[in-house]
Amino acid sequence: MIAYNAVIDFLGVLILIYGFIILTENYIHSLVRHLQSQTIILSILIIIAGAYLKMWELIALGIFTLLFRALLIPELLLRGIKREHIWEHREFGVKAKSSIVMGIITAIIGIIAYAGIYRVLGTWNGMIPFILLLFGLLIIIMRRNALAQISGYIVEENALLYLGIVLYPIGFLLEVGILLDVIGAVLLAVILSAEKDYGPIEIEELSG
Amino acid sequence: MQESVIYSIFGVVVAASLISIIKNNTIAKFANILAASVAFILSLYLLIQPDFHNSWLYLDFVTKVMFVIITMIYLFAALHANVCMRNIKRFFIPPNYGWSLLAGFTLTMLLAVSTPSLGYAWLWLEASTIISATLILMEKEKSHVESAWRYVLIASSGLAIGLFSIILYGEITGGFTWVNATISKGAILVGSLALIGFGTKAGLFPMHTWLPDAHGTAPSPVSALLSGALLPSSLIVFYRIYGVMHSLPLFYLTAILGILTVWIASLLMISQKRTKRLFAYSSMDVMGIATVGISLTYFNPSAIYFVLIVFIAHAFGKSALFLSAGTLKRHGKEEISEIRNLIGSSKTLSFAILVSALTVTGAPPFAMFFGEFGIFISLISHPWLFFFLISGVLLSFLALNYHMISMLFSDGESMRIKLSESIVPFGISIASLFLILIIYFWGWNL
């Protein structure tokens with residue numbers, strides 16, 4: 001049990017570090033690679049949790065996440081980047097320094113907010129995915145580039161699955177994981193298709 | 001018996017969706033109209049059946065009414081879609097796939113309101129997001145891509161918080177069902193996260209920013225479903241969680257958020273230039289009132305009946321308004337300032353718009369008035385909340401009807417609108433007048 005918790009915590013910290021790197025990365029190509037690394041670690045975490053808890057649904061979810069989100073979606077993203085060279089460039093609107101500061105502030109807010117959740121749950125297990133969830137939301141808000149926003153969405157997906165694993169691992173996480181991946185794939189298909197007609201999609205602000 | 005009726009409803013909708021994929025546009029249209037008619041009749045039949053539940057389905061009065069609302073708007077949308085489809089110049093997805101997605105969208109909402117599991121309710125609402133976003137993309141325009149994009153990102157981010165609340169709910173209560181569940185701790189935490197999560201999908205302030213774009217750019221039948229069926233379905237899922245929480249601070253939080261939504265929507269309605277965005281903000285306003293109604297179930301569980309009356313009246317009114325907007329779009333009129341002397345263009349369409357605008361703004365004696373009146377009376381013991389809600393509702397009444405009067409009665413060039421283009425909205429508005437009688441003679445017995 002202690003070894004299992006140590007492995008889960010270690011992988012969790014790695015996932016969070018990748019979340020921070022994704023938040024501060026300006027080059028879209030590198031961002032996709034970081035996202036791929038983060039998702040591979042999450043897949044391993046899910047498979048370990050599934051094997052330890054003897055839940056085949058989690059093992060299936062881990063394999064599905066690895067194949068679909070860690071391999072297929074990043075490859076499609078990279079193919080889109082190659083086709084439209086503009087994607088390879090830096091996203092000039094986002095400054096690395098401000099992203100780092102915002103990331104640190106978000107992490108501190110996450111820890112403080114989670115203290116309230118801890119009083120109810122009595123466990124710190126959910127803190128890392130909670131901060132990761134906030135990072136995902138922050139990426140979606142801070143980025144204008146549609147592909148960068150997809151990366152925020154995938155970080156958010158990773159956080160939710162991780163949260164489900166460490167807090168309350170139940171069968172319907174498999175359906176949740178598949179649905180979230182389908183949404184990610186549809187988003188990607190739409191953006192790559194629209195990009196052919198209109199060029200890179202830049203959403204100025206997420207307001208009506 | 002009830003179980004087989006429910007599965008029959010699901011079955012016909014699934015069949016319509018599948019037939020639409022493999023067959024051409026005309027067959028897809030007839031399959032959807034037929035499926036919607038059968039589903040609506042079966043939903044009406046369910047209304048007179050006793051309550052029922054098992055581990056997969058939960059059928060109480062709330063579910064039954066939601067079934068009627070969802071299938072009814074699906075029917076209206078299917079009947080009028082032909083008029084609106086002709087507006088689309090370039091299809092992003094083939095029209096028969098659009099029909100298939102329309103049925104799929106209806107199915108996700110039916111499943112979301114009939115499951116006793118909060119986890120699956122979340123799952124179906126999230127599925128509805130991606131299906132409806134694809135429907136917004138039916139027309140290949142950059143603005144549509146951006147609207148759908150914004151919708152999916154904001155709604156999914158909100159629903160991510162909703163899933164977080166459900167995972168916490170599972171950890172605290174040891175399960176995901178809301179039936180006979182009680183919560184010993186963390187009611188405010190879970191409840192407020194659920195309010196943010198499902199409130200995003202219901203278009204509550206300040207998470208409403210996807211709503212005007214999505215409603216404004218979607219094909220009109222889809223806008224009608226989004227407004228009349230999807231927003232209430234999200235609030236019903238929140239209502240199920242709220243019922244378990246039973247917390248006084250959560251009552252205040254929910255009621256205040258509802259009132260703020262009414263005010264913000266009303267203020268934004270004044271400055272709108274496009275018809276469908278105006279109607280979208282009106283939907284936000286009605287969801288604000290319904291949220292206040294849901295909050296009142298803390299004191300009086302029967303307050304949910306007033307909310308259901310609001311939902312039914314809104315379903316009639318907003319369907320007719322969005323479908324009328326689709327007809328006007330067909331004549332190249334999307335801006336409020338372009339639409340003048342509508343009364344001289346089409347008596348039937350003008351009648352539909354007038355009756356529907358009065359219905360959704362809660363004017364007496366139209367159907368929504370009864371629901372709103374019940375909510376106001378229930379709120380009277382909280383004078384400040386009462387004052388701010390009633391003043392917000394008054395403002396929204398003035399804002400929407402000001403625009404409607406300018407469209408209907410001001411001088412200007414008239415259009416040649418055929419009867420076939422306005423017959424569905426006209427029929428809906430006539431039905432909404434009958435609804436007044438039904439609620440008056442039957443609703444008080446609830």
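In these legends to a predicted model, Asp, Glu, Lys and Arg count as charged, Ala, Val, Leu, Ile, Met, Phe, Trp, Tyr, Cys and Pro as nonpolar, and the others, Gly among them, as polar.

**View 1. The largest pocket and its lining.** The largest pocket has a volume of about 460 Å³, and of the 22 residues that line this pocket, H144(B), G216(B), T217(B), R274(B) and E334(B) are the closest to its centre. Two or more lining residues come from each of α6 (142-173), α8 (211-217), α11 (275-295) and α12 of chain B, with α6(B) giving the most, five residues. Sorted by class, the lining holds 13 charged, eight polar and one nonpolar residue.

**View 2. The largest cavity.** The structure holds four cavities of 30 Å³ or more, and the largest of them has a volume of about 90 Å³. Among the residues that line the largest cavity are A81(B), W99(B), L102(B), M138(B) and V222(B), while α3, α4 (95-114) and α9 (220-245) of chain B each supply at least two residues of the lining. This lining divides into 10 nonpolar residues, one polar and no charged.

**View 3. Helix α17 of chain B.** The 24 residues of α17(B), 419-442, should span 34 Å at 1.5 Å a residue, and because the end C-alpha atoms are 33 Å apart, the two values agree. A kink of about 30° in α17(B) is centred on P425(B). The buried residues of α17(B) include P425(B), I428(B), S432(B), L435(B) and I439(B), and their cover includes α3 (61-85), α12 (303-330), α14 (347-360) and α15 (367-379) of chain B.

Note on methods
Residues are numbered from 1 along each chain as its sequence is written. Chains are lettered from A and ligands numbered from 1 in the order in which they are written. This is a predicted model: local features need pLDDT of at least 70, side-chain atom pairs count only at pLDDT 80 or more; totals for chains, interfaces and linings use all residues. Side-chain values use heavy atoms; hydrogens and water are left out. Helices (H or I, at least four residues) and strands (E, at least two) are DSSP runs, numbered from the N terminus. The expected span of a helix is 1.5 Å times one less than its number of residues. The bend at a residue is the angle between axes fitted to the seven residues ending there and the seven starting there. Buried means under 20% relative accessible area, exposed over 50%, partly exposed in between (1.4 Å probe, protein chains only). Contact means heavy atoms within 4.5 Å. On a 1 Å grid over the protein atoms alone, a cavity is a set of points where a 1.4 Å probe fits but cannot get out, and a pocket is an open set with protein on both sides within 12 Å along at least five of seven lines; lining residues have an atom within 4 Å of a point. Grid points are joined across faces, edges and corners, and a volume is the space filled by probe spheres set on the points.
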